[in-house]
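Dear colleague,

I am passing the structure below on to you, together with my notes on what turned up in it. Please read the notes with the coordinates open beside you.

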Amino acid sequence: MGQPNLPPIPFNKPFIAGKELFYIAQAVTFGNISGDGHFTKACCQLLEQRFNIPKVLLTPSCTAALEMAAMLCRLQPGDEVIMPSYTFVSTANAFVREGARPVFVDIRPDTLNIDEELIEAAITPRTRAICPVHYAGVPCEMDRIMEIAEKHNLMVIEDAAQAVNSWYKGRACGSIGHLGCYSFHETKNYTCGEGGALCINRPNLIDRAEIIRDKGTNRKQFFRGLVDKYTWVDVGSSYVPSEIASAFLFGQLEHMDRVTTRRKELFDEYVACLAPLESAGLISTPRIPLSSQGNYHLCYILLNSEQTRNDALTALVHQQIYVVFHYVPLHLAPYAQVLHTEQAQLPKTVNCSGRLLRLPMFHDLTLEEVRRVTGAFDDFFRDKGAVVPKPHFSLTRTATTSKLPASATERTKD
Ligand SMILES: *Cc1c(COP(=O)(O)O)cnc(C)c1O
């Protein structure tokens with residue numbers, strides 16, 4: 001179908017939350033644009049206080065934060081790290097760079113997070129760490145994961161790239177494991193283009209993290225007056241972001257809750273408009289467990305087969321509605337073969353990744369655009385001959401008066 005003159009709906013669009021450019025100008029005026037200046041400190045303080053994290057260090061990316069976390073694990077070649085296969089490559093790469101072997105565990109079909117009940121079976125004498133990924137900003141079952149880790153003396157590194165300002169039983173994602181990693185990449189909820197942070201939740205890891213971040217030197221201790229010169233004391237790299245990036249980021253972090261509120265409106269509209277397709281059994285929409293508060297990082301749907309997913313993607317992209325899919329499961333990727341990560345079957349990972357579509361989701365998306373996206377799915381299924389029921393509430397209501405059935409907003413796991 002598709003009306004030919006409508007503008008394209010991109011998958012993602014960066015936005016300005018407030019004073020980003022003003023803060024960049026300020027950073028330049030302050031005369032220090034390299035790093036760890038006024039705005040880097042301001043961002044760290046804000047994150048530490050809001051999320052109750054002992055120490056936050058900004059990094060140039062979440063990938064860099066994961067690399068630092070892997071170094072802090074003091075891994076030996078052949079050590080094993082448990083993680084989902086359904087994730088971004090950096091989750092695995094960070095540990096592979098240290099000589100460790102990723103051991104992939106299947107996901108739960110309701111949240112697409114690592115299935116916490118399959119973790120213990122994957123533990124061997126070489127297991128050193130677990131790296132759960134909070135997919136779509138929906139928290140993993142951290143209580144169970146921390147319990148397993150404690151029992152087997154394992155480190156837990158939360159890949160919270162997508163989960164900044166997501167909460168699990170009152171605790172912020174990234175603040176629960178030994179270490180947590182955030183992303184401020186352009187595609188995430190809060191951004192400075194490229195950026196990240198390492199959350200350090202065990203005070204005994206702070207000193208070494210600061211050394212690794214600053215090229216393996218004890219410069220931080222020197223600035224604090226603890227040593228009289230700074231020098232090479234450990235392995236490290238260049239993981240300090242520039243003040244310009246931090247200044248931009250501060251402008252976004254200041255508006256953290258406004259951003260989440262907006263994304264929730266968009267997410268709820270998607271779920272409401274897609275409800276008829278869902279009740280007809282044609283798609284399913286994400287579940288957010290009752291125990292947690294998501295950040296609405298992304299909205300995805302699961303179609304009933306890979307073929308339908310691919311056909312729907314083609315149909316929508318044809319109308320310039322840019323839906324996308326991810327991830328190619330890591331255990332099936334070419335580099336997994338190179339690493340010989342012999343792997344048990346991961347049927348849910350393979351099944352879900354083949355059926356998933358991500359819908360446009362960004363701060364400046366409008367409710368009208370959301371309805372255009374969901375209308376395109378209605379058309380797609382009608383064209384296929386499916387009976388698409390009418391929505392059972394008005395789509396013209398305003399966001400403030402929106403009243404969804406409790407089951408549509410607060411979804412429990414099955
Ligand atoms: C985005 C993302 C990363 C990488 O973040 P960068 O900041 O781009 O390095 C890592 N893991 C997951 C799950 C992500 O979504």
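Predicted model: local features only at pLDDT ≥ 70, side-chain atom pairs only at ≥ 80, totals over all residues.

Glu 194 sits in the loop that runs between β8 (179-183) and β9 (196-200), and, leaving aside residues up to four places away in sequence, Glu 194 touches Pro 60, Phe 184 and His 185.

On the domains, the assignment for the protein gives domain 1 as 20-253 and domain 2 as 256-400, and the C-alpha centres of domain 1 and domain 2 are 27 Å apart. To the contact between them, domain 1 gives 41 residues and domain 2 gives 36 residues. The size of an interface is often expressed as the accessible area that is lost when the parts come together. Here the area buried between domain 1 and domain 2 comes to about 3300 Å², with carbon and sulfur atoms giving 58% of that area. Within the area that domain 1 buries against domain 2, Tyr 86, Phe 104 and Asn 189 supply 19%, which is more than any other three residues do.

Turning to charged pairs, the structure holds 29 salt bridges, and the rule finds 1 salt bridge across the interface of domain 1 and domain 2. Among the pairs in the structure is that of Arg 50 and Asp 257, whose side chains meet in a salt bridge at 3.1 Å, N to O. Another salt bridge joins the side chains of Asp 79 and Arg 126, at 2.9 Å, N to O. That pair links distant parts of the chain, 47 residues apart, with Asp 79 in the loop between α3 and β2 (80-84) and Arg 126 in the loop between β3 (101-105) and β4 (127-130).

The axes of helix α3 (residues 62-72) and helix α4 (residues 89-96) come within 8 Å and cross at roughly 35 degrees, and the crossing of α3 and α4 is right-handed. Thr 63, Leu 66, Glu 67 and Ala 70 of α3 make the contact with Ser 90, Thr 91, Ala 94 and Phe 95 of α4. By class, the residues of this contact of α3 with α4 divide into 4 nonpolar, 3 polar and 1 charged.

Notes: Residues numbered from 1 in each chain as written. Heavy atoms only, no water. Axes fitted to C-alpha atoms, helices over the stretch in contact; angles between N-to-C directions. Helix = DSSP H or I, 4+ residues; strand = E, 2+ residues; numbered from the N terminus. Left-handed = near helix turned anticlockwise from the far one by under 90°. Contact = heavy atoms within 4.5 Å. Nonpolar A, V, L, I, M, F, W, Y, C, P; charged D, E, K, R; others polar. Domains from an automatic or database assignment. Buried area = accessible area lost by both parts, 1.4 Å probe. Salt bridge = Lys/Arg side-chain N within 4 Å of Asp/Glu carboxyl O.
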